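Here's a quick tour for someone meeting this protein model for the first time. Have a look at the sequence and the structure, then read on.

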Amino acid sequence: TGDAGWTTRHDEGRKMVQEELGDRVETTFVESVAEGATAQRTFEDLARKGNKLIFGTSFGYMDPMVGAAKKYPDTVFMHCSGFKTAENLGTYFGAMEEATYLTGMAVGKAAENNEIGYLAPFPTPEVIRGLNALMLGAREVNPEATMRIVWTSTWFDPDKERQAAQGLADAGVSVISMQQDSPAAGQVAQDAGLKWSGHNDNMERFAPDAWLTGALWNWGPFYVETTRQVLEGNWKSEEYYGNMDDGVVQLAPFGKSVDEETRALIEERKQETIDGTFAPFDGPVRDQDGKVRIPEGETATLEQLLAMDYLVEGCVGNIPKNPEE
């Protein structure tokens, strides 16, 4: 839970449940749970111990949670980022691409030589959607920007991520962006005199001179509301996809190097996003080969977003067929 990123934000949501609902609830957590059979045993053990609401916070927990839900029909299960549901199993996620697009605008402005580096963890639709959104945001303010992608096969491995970020710095990028949980990339950027954008949490404290901004999660209000529904007996299975309008997705504070003009441009886009008059994947959107994936006048559907498997114009690299490529 101390990864300073994805898991930290979920744990802060748990703490908000405890703080707001007080003695009506008792919360617990299990960290570093391996995917697969270990996860299912963990979920079942939590249910046996009397937990009436169980959140699973990794895509890889989907089938284990489906299995546990079948065995414990009187327990409510909520799976983050998945797509399988049951009467006692719901899913929840959010439009992180909204805040990531705005982050991309800051990144594009900061890319003095038009070259951006990006650390990508695994080739899932969520990751691909995020890096594409950042590239589209960067190109709105800097049409000449390109983004070199390095796949790390890590969510949290500071040493490996530091090495990958150093490789990007040595290759001559002026900004490093990422979707990992550790701040290692930012520390490399600061040491090299580059700029950096974060992900999942406000990481400014780790490399304040390099910091631009970043997309972050605010799970607390959703966790509180879901817990209330279970307590009051009116919870129903759903596929929740939050956004900047309801606050589950937010933009981190700007770093000191983001000028007032750039801040104003981003705030304007942010308000349009909240109002529903703008979306990151408004067409036309083209892939690396110039093929139109989202035509002009159209906006990507949720189904298209959740199945995204291509890189947009300006991305340098490819999508590996497996994480080790």
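## A first look around

T227 is buried, because its relative accessible area is 9%, and buried means under 20% relative accessible area, with exposed over 50% and partly exposed in between (1.4 Å probe, protein chains only). This is a predicted model, so local features need pLDDT of at least 70 and side-chain atom pairs count only at pLDDT 80 or more, while totals for chains, interfaces and linings use all residues. Residues are numbered from 1 along each chain as its sequence is written, and side-chain values use heavy atoms, leaving out hydrogens and water.

T227 sits in helix α8 (residues 220-232); helices (H or I, at least four residues) and strands (E, at least two) are DSSP runs, numbered from the N terminus. Skipping residues up to four places away in sequence, T227 touches V17, L21, V25 and L53, where contact means heavy atoms within 4.5 Å.

L53 also leads us to D74: the two are 21 residues apart in sequence and 9.6 Å apart in space, C-alpha to C-alpha. D74 lies in the loop between α3 (62-71) and β2 (76-80).

| Residue | Relative accessible area | State |
|---|---|---|
| T227 | 9% | buried |
| D74 | 69% | exposed |

Now for helix α5 (residues 125-141). Its 17 residues reach 25 Å from first C-alpha to last, close to the expected 24 Å, which is 1.5 Å times one less than the number of residues. Twelve of the 17 residues of α5 are buried, so this helix is largely enclosed by the rest of the structure. Among the buried ones are R129, L131, L134 and M135.

L131 turns up again in the largest nonpolar core, which has 62 residues; L131 is one of those with the most contacts inside it, as is M147. Such a core is a set of buried Ala, Val, Leu, Ile, Met, Phe, Trp, Tyr and Cys residues joined through side-chain atoms within 4.5 Å. Leaving aside neighbours within four places in sequence, M147 is in contact with residues including L131, L134, M135 and C315. A second, separate core of 19 residues includes V188 and W196.

Finally, how do α6 and α7 meet? α6 passes α7 in a right-handed crossing, meaning that the near helix is turned clockwise from the far one by less than a right angle. The contact is made by residues including A165 and A169 of α6 and V188 and A192 of α7.
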